[in-house]
Amino acid sequence: MRESRRTLALALVAAAVGMPLRAAHAQDSTWELKIVAPKPPAPEPGKEPDKDKPPPAKDAPLESPPLLRAVLNGRPGLVAKDFILKQSDAQPPLVLEAAKSVTYRESDEPMAMVILVQGNFRWMGNETFTDPNDPEAGSVYDGAYKGLGPAVDGLAKAGPANSKAALLVYAEGKVLVKQAMGDATSLSASALGSQKDYGEFISKPLVLGLSEAWKLLIAYPDHRKILVVFGDGQDDKEDVSAELKKALGDLKTSGVEVYTVFYTASPDDGPQGQQNMAKIGYTENLTATSRDNFTSLADNLSETIGAKYYVDFAGEKVTWDGLEHEFTLSVGGEEKEPKNVTVPLVKKKAKESGSLWWVWLLVILALIVLIIIVVVVMKRRQPVYEEPPPMEAPVVAAPQRTIMLGVGGGEDSLPIVGWVVPLGGPNQFQTFKLGQGATKLGTGGAAQVVVNDSFMSTEHAEIVCSASGFVLNDLGSTNGTYVNSRRVSSHELVDNDVFKLGKTDFKFKSIN
């Protein structure tokens, strides 16, 4: 009960400032480590491959070292240098830097997406075709319909070029296939039809919609399966907890990622439906305070879906002995849980004997010539003795005094120099100087450093300058303060530190 009140309070605050409310679901921290076998060499030009040659046995040693490929979901914007792979049980531990990193949209893993939309007339609305002056027309509802089109268009482009997508609507006791599963680029808002198409629909069979979407997705076992649900979380049945639990179990067991956007067109609909949508959106659950939020929330979901990384590490330094080894992945300095992986056996190349005899002969001859030259030169040289220069007494430097600039207020004190620079956004590369005492950063209020970032709080954080240096303090912000991808409440800054407020990265500079 306390959690639902907290969620409702956050929704009211978000509505007041006109911002979408993002659910506090953590990103999936799991990762996979795959062994990618090297591709067989291409046949020589004009030479047909030997079809009679039997394929190698499944457990046969490989001819050359394979790649190690880490697959994980992470935050947007990561690059190859952010990933480090360690073989923990090697002595000393083997550290591998990433050779290549690609995002999901750059990958060759196909996507199968189902967009599932609630379709009863009160949620969809009827304001586009109902005359408010007609006494027989009934009530007018400003529904979700107008915000859905751009959101559908954006989500259909979330995957790689070979992706598939379908649009389903649950209403009137059944599931309507507005666009069958096909090329994702062909899915558009026009598949929704007109708002009037939903004017006669009363029911909202949510669980049935989830089950039909699951049946459609499991037909694509080799695809990344994604379900996005728009609705108010209500079902026609009063108690659907058991049926909802089964539907979610089927989705999770099949590896379907589920994202939800909760929206209610009426204040009377809410808590129970919102709780249902939070359960359904176990991958990520977002709340829209207005139908105008749908597009930005769909963009957030596309960004989250795209932040899946495929990171390759060269295998030349790994011991491919056919045994199990422990590997740890570090992402931006943060280590994930170690994985135990059985590596394949790789053949060791036999040393060629006798083929390099002429190289050794040349080396021996070169050494003989070098020795003769040294002997001749040494015989011709006459020893020269020089008087050593007189030794001078060592100069002892006077001890230097450590000075904290600008602290103490003396006449000879120098002003302290410290500043922050936004690395992105509309204030990119603008320099903000830090004064003595506390300098607040935010979007307004009493903030001295004002940055236009809708994900920052009015007074998000402060930097306190004192005799001991500069300290960054979070001021109870909604989205938190991050240093090196870790959320902090307080952090002592050093020169060139990068910290994140909202969606803006700042670089800290100082002279000390």
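**Cores, a sheet and one glutamate**

Mentor: In this predicted model, the largest nonpolar core has 42 residues, and those touching the most other members are Met113, Ile115, Val117, Phe230 and Phe294.

Trainee: Which elements give two or more residues to this core?

Mentor: The strands are β7 (111-118), β8 (164-171), β10 (224-231) and β11 (257-262). The helices are α2 (121-124), α3 (145-155) and α7 (294-306).

Trainee: What is isoleucine 115 in contact with, leaving aside neighbours within four places in sequence?

Mentor: Isoleucine 115 contacts Val152, Leu155, Ala166, Leu167, Leu168, Leu187, Val228 and Phe230.

Trainee: And the second core, how many residues is that?

Mentor: That separate core has 26 residues, among them Ala166, Leu206, Leu217 and Met277.

Trainee: Changing topic. What is the strand order in the open sheet of four strands?

Mentor: The order is β2-β3-β13-β6, and the pairing is antiparallel. On average, neighbouring strands are turned by 20 degrees against each other, direction ignored.

Trainee: How many bridges join β6 to β13?

Mentor: Four, with β13 covering residues 308-313. Within β13, tyrosine 309 is the bridge partner of threonine 103.

Trainee: Now glutamate 284. Which strand is that in, and is the residue buried or exposed?

Mentor: Glutamate 284 belongs to strand β12 (residues 284-287). The residue counts as buried because its relative accessible area is 2%, and the cut-off is under 20%.

Trainee: What does its side chain make a polar contact with?

Mentor: The side chain of threonine 304, at 3.4 Å from that of glutamate 284.

How values were computed: Residues are numbered from 1 along each chain as its sequence is written. This is a predicted model: local features need pLDDT of at least 70, side-chain atom pairs count only at pLDDT 80 or more; totals for chains, interfaces and linings use all residues. Side-chain values use heavy atoms; hydrogens and water are left out. A nonpolar core is a set of buried Ala, Val, Leu, Ile, Met, Phe, Trp, Tyr and Cys residues joined through side-chain atoms within 4.5 Å. Buried means under 20% relative accessible area, exposed over 50%, partly exposed in between (1.4 Å probe, protein chains only). Contact means heavy atoms within 4.5 Å. Two strands pair if DSSP finds at least two bridges between them. Axes are lines fitted to C-alpha atoms, for helices over the stretch in contact, and angles run from 0 to 180 degrees between N-to-C directions. A polar contact is a pair of N or O atoms within 3.5 Å; within protein, one must be able to donate a hydrogen and the other to accept it, and residues adjacent in sequence count only if both atoms are side-chain atoms.
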